[in-house]
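This briefing is meant to be read with the sequence and the 3D view at hand.

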Amino acid sequence: MNKTNFKVSADSLKWIALITMFIDHIGAGIIEMRYPQLRTLDIVIRCIGRIAFPIFCYQIIEGYEHTRNRWKYALNLLVFLAISEIPFDFLIMERFSWGYQNVYWTLLIGLLAVMAMGFIEEKELKALKMYVKHRSAFESADKYINRTEEHQRLTADLFNNKWSKDIEMWLNDR
């Protein structure tokens, strides 16, 4: 049985998200607000539009992973948020409103949360590496000290003739 690998490029995902978001905004801004009698059509259109958000979340994480400058990435998202907020409010609320924001607020907060988790993870990883490094250094020093103490004990035993008979027998066997 032949299996076909189905791959979708990042650009294709962006277009799918853009188109489904546009469909969702038609439902939210035009049909829902101006034509309440078309409730069934609105539900169908809004369901199609709900595909956009998980794709945008995925793209935000992909951007986080592959960007060179995460702070610039977040700033770009903030700029786009600011540019799109007023048109969004006028489409949905027919006026500017702080009561209902576009999805880019959620995406920006999600990106900042992921950045914070990454920062904490980096700090924890550095701390763990330092702990392992220092612990291994202490263990190495401890082993050296123990070996040195054992060597000193063996040397003292040798000079106290505890081992001298065994060494003499070993030397004579050669």
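The points below describe a predicted model, grouped by topic.

**Helix α2 and its surroundings**

- In helix α2, which covers residues 39-49, the buried residues are Asp42, Ile45, Arg46 and Gly49.
- Viewed down the axis of α2, these buried residues fall within an arc of 100°, so they line one face of the helix.
- An α-helix has 3.6 residues a turn, so residues three or four places apart point the same way.
- Thr40 and Cys47, by contrast, are exposed on the other side of α2.
- The partners against which the buried residues of α2 pack are α1 (10-34) and α3 (52-66).

**The contact of α1 with α4**

- Two packed helices are described by the angle between their axes and the distance between the axes.
- For α1 and helix α4 (residues 70-92), the axes come within 9 Å of each other and cross at roughly 30°.
- On the α1 side the contact is made by His25, Ala28, Gly29, Met33 and Arg34, which meet Phe88, Leu91 and Ile92 in α4.
- By residue class, this contact of α1 with α4 comprises five nonpolar residues, two polar ones and one charged one.

**Cysteines**

- The structure holds zero disulfides.
- Cysteine 47 has a relative accessibility of 52% and therefore counts as exposed, the cut-off for that class being over 50%.
- Cysteine 57, with a relative accessibility of 28%, counts as partly exposed.

**Aromatic rings**

- The structure holds two aromatic pairs.
- One of them joins phenylalanine 56 and tyrosine 104 in a tilted arrangement, with 6.1 Å from centre to centre and 55° between the planes.
- Because phenylalanine 56 lies in helix α3 and tyrosine 104 in helix α5 (residues 103-159), this pair ties together parts that are 48 residues apart in sequence.
- Both phenylalanine 56 and tyrosine 104 are buried, and the relative accessible area of tyrosine 104 is 11%.
- Phenylalanine 80 and tyrosine 104 form an edge-to-face pair, in which the centres are 5.0 Å apart and the planes stand at 75°.
- Since phenylalanine 80 belongs to helix α4 and tyrosine 104 to helix α5, the pair ties together parts that are 24 residues apart in sequence.
- Phenylalanine 80 is partly exposed, having a relative accessible area of 40%.
- Through these ring pairs, Phe56, Phe80 and Tyr104 are linked into a cluster.

Conventions
Residues are numbered from 1 along each chain as its sequence is written. This is a predicted model: local features need pLDDT of at least 70, side-chain atom pairs count only at pLDDT 80 or more; totals for chains, interfaces and linings use all residues. Side-chain values use heavy atoms; hydrogens and water are left out. Buried means under 20% relative accessible area, exposed over 50%, partly exposed in between (1.4 Å probe, protein chains only). Helices (H or I, at least four residues) and strands (E, at least two) are DSSP runs, numbered from the N terminus. The arc is that of the directions from the helix axis to the C-beta atoms. Contact means heavy atoms within 4.5 Å. Axes are lines fitted to C-alpha atoms, for helices over the stretch in contact, and angles run from 0 to 180 degrees between N-to-C directions. Ala, Val, Leu, Ile, Met, Phe, Trp, Tyr, Cys and Pro count as nonpolar, Asp, Glu, Lys and Arg as charged, and the others, Gly among them, as polar. A disulfide is a pair of cysteine sulfur atoms within 2.5 Å. Rings of Phe, Tyr and Trp (its six-membered ring) pair if their centres lie within 6.5 Å; planes under 30 degrees apart count as stacked, over 60 as edge-to-face and the rest as tilted.
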